[in-house]
Amino acid sequence: MGFPLLAYFFPVLAFVRLAPTPPTPTYAAEIEAWRAARLARLIAEDGWPSVVGLFWLEEGENHIGSAEDNAIVLPASAPPHLGSIMVEKGRATLRPLMEAGVGVDLTADGEAVSEPRVLASDAADAATHLRTGSVLFYVIERAGTLAVRVKDSQSPARRDFHGLEYFPVDPSWRLPARFEPYDPPRLISVPNVLGHQDAEKSPGALVFERAGQTYRLDPVLERGETDYFVIFGDATNGKDTYGAGRFLYVKPPVDGKTIIDFNKAYNPPCVFTDYATCPLPPAQNRMKVMVEAGEKEYGH
C-alpha cells in the first residue's frame, strides 16, 4: 500500500548515480542469507502479514470474540464470545468466559485459562500471548495507551503473500561509517503513523560519505537490542520504495567505526498491514539521495 502523507516524500534535487558494483560470491551469499532470514520471519505464522486488527482499549471492560457486539472483534474462526479484558489504571486483566465451570478455548502463553489473569503488554520483556485456534492476540502500549493487536495465521495477506523485491546487490552501498557519540545520549523526536511524537534515545550519529557527499543518521537503541536501529528516508521513497521510509540495523561501533549496509534496508510493517504502529524517519534522517539498495516497495 502507498503512504498518503506527502510530507514524507523527499524532494529530488541533483543526484549522482554511481554504476552498481558487482558483488563478490561471498558477499552475494551473505545478502542472500540475510534475505532468506528476513523472508522467514515475515511469513512466519505470527509475521506481519498475519496482523488483522488493532483495538484501543477503554477504561473498564472490553469484551472479546468474533461477534460484532464485542469491543475487540476477532476473526470469524474464533468463538463469538471469549470473555473480556478489564482495564483499571493502566493495568489489563483477562477475564475468561466460563460456561458450566469450563473455560472457553483460550490459552495464555500456552496454558489453558480458567481464572482472571493480569496481562503483560509489549512494554514488558514479553507480552502475554493469548490464543484461540489460528488467532493470536496480545496487549501493546503506545504513548501510555493500551491496545490489543490481533494476528491470524490464516489471514488473506499471509495466505496470498507473493514475495519481496529488491534492488540488485551492490557492495558500493556497504559503507564505512564514523560514530560520533552523544554524551549523554540525546533524546530525538521520532514520529509515527498514529500522529504521535515519541522521544527516543540516540547514542550518537553515524556519519558516512557517498559520491563525495557527507551524510548523518541518528540511530536509536531499542530495549533489549545491542545493534543500532536506523529509521531513514531517501529520494526513492514513494517511487521504488515505500513512501514513509525504511529500516536498517547497524552493528555497534568498534573504535568509533562501523558499517552501514543499505543492501539490508527493509520495509516497515505498515507495508504489510494496516494495523501496525510504525515509526517514521526523524527529520534529520531524511536524505536527499537515492538509496538504490535493499528492499523495494511491496506490490499490492
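Before you click anything, keep in mind that this is a predicted model. Colour it by confidence: the protein chain averages a pLDDT of 91, and 92% of the residues score at least 70. Now select residues 1-14, where the pLDDT is below 50. Even so, that stretch has 38 contacts in the model beyond near neighbours in sequence.

Next, the sheet. Pick out β1, β13, β12, β11, β8 and β9, in that order: these 6 strands form an open sheet with antiparallel pairing. At its edges are β1 (51-56) and β9 (111-112), each pairing on one side only. Inside it, zoom in on β11 (residues 130-132) and β12 (residues 135-142), which pair over 3 bridges. Here L130 stands opposite F137 in β12.

Move on to β15 and β16, a hairpin with 2 residues between the strands. Click A211 in the turn, and you'll find a positive phi of about 55°. The two strands are joined over 5 bridges in the antiparallel sense, with L206 opposite L217 in β16.

Time for rings: the structure holds 13 aromatic pairs. Show F161 and F272, a tilted pair at 6.3 Å centre to centre, with 45° between the planes. They sit 111 residues apart in the chain, and both are buried. Then try F229 and Y249, also tilted, at 5.1 Å and 35°. Which of them is buried, and which partly exposed? F229 counts as buried because its relative accessibility is 6%, while Y249, at 32%, counts as partly exposed.

Last stop: R186 lies over the face of Y182, at 3.8 Å from the ring centre.

Note on methods: Residues are numbered from 1 along each chain as its sequence is written. This is a predicted model: local features need pLDDT of at least 70, side-chain atom pairs count only at pLDDT 80 or more; totals for chains, interfaces and linings use all residues. Side-chain values use heavy atoms; hydrogens and water are left out. Two strands pair if DSSP finds at least two bridges between them. Helices (H or I, at least four residues) and strands (E, at least two) are DSSP runs, numbered from the N terminus. pLDDT is the predictor's confidence in each residue, from 0 to 100. Contact means heavy atoms within 4.5 Å. Rings of Phe, Tyr and Trp (its six-membered ring) pair if their centres lie within 6.5 Å; planes under 30 degrees apart count as stacked, over 60 as edge-to-face and the rest as tilted. Buried means under 20% relative accessible area, exposed over 50%, partly exposed in between (1.4 Å probe, protein chains only). A charge sits over a ring if NZ of Lys or CZ of Arg is within 6 Å of the ring centre and within 35 degrees of the ring normal.
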